[in-house]
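Today I'm looking up salt bridges.

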Amino acid sequence: MKKSELIERVSQTFPCSHMQAEQVVNTVFKTIEDALKEGNRVELRGFGTFEVRAYESYLGRNPKTGESVK
């Protein structure tokens, strides 16, 4: 489902305009984004858990040139 489809579904499910539904969806996504930027974990029960993880870099290869890249 694309974001535009989610907005459409919200506007059809609740008595609100398309613009209001778009504001609601954008606010939810922005709130999740801000929490992740602050280093918090976001858990939406029945949907999923979001968190930023730091991990070591690894050595890969450029498929075009075969050159090693970090």
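Predicted model: local features only at pLDDT ≥ 70, side-chain atom pairs only at ≥ 80, totals over all residues.

Residues are numbered from 1 along each chain as its sequence is written, and side-chain values use heavy atoms, with hydrogens and water left out.

I looked for salt bridges, meaning a side-chain nitrogen of Lys or Arg within 4 Å of a carboxyl oxygen of Asp or Glu. How many salt bridges did I get by this rule? The count is five.

K30 pairs with D34, and their closest N and O atoms are 3.0 Å apart. Both sit in helix α2 (residues 18–37), four residues apart, or about one turn of the helix. (Helices are DSSP runs of H or I, at least four residues, numbered from the N terminus.)

I then checked accessibility: buried is under 20% relative accessible area, exposed is over 50%, and partly exposed is in between, with a 1.4 Å probe and protein chains only. K30 is partly exposed at 40%, and D34 is partly exposed at 30%.

Next up in helix α2, E33 and K37 are also four residues apart, about one turn. Their salt bridge has its closest N and O atoms 3.1 Å apart. E33 is partly exposed at 38%, while K37 is exposed at 62%.

Then I found R41 bridged to E43, with the closest N and O atoms 3.8 Å apart. R41 counts as exposed at 51%, and E43 as partly exposed at 41%.

Methods. Helix = DSSP H or I, 4+ residues; strand = E, 2+ residues; numbered from the N terminus.
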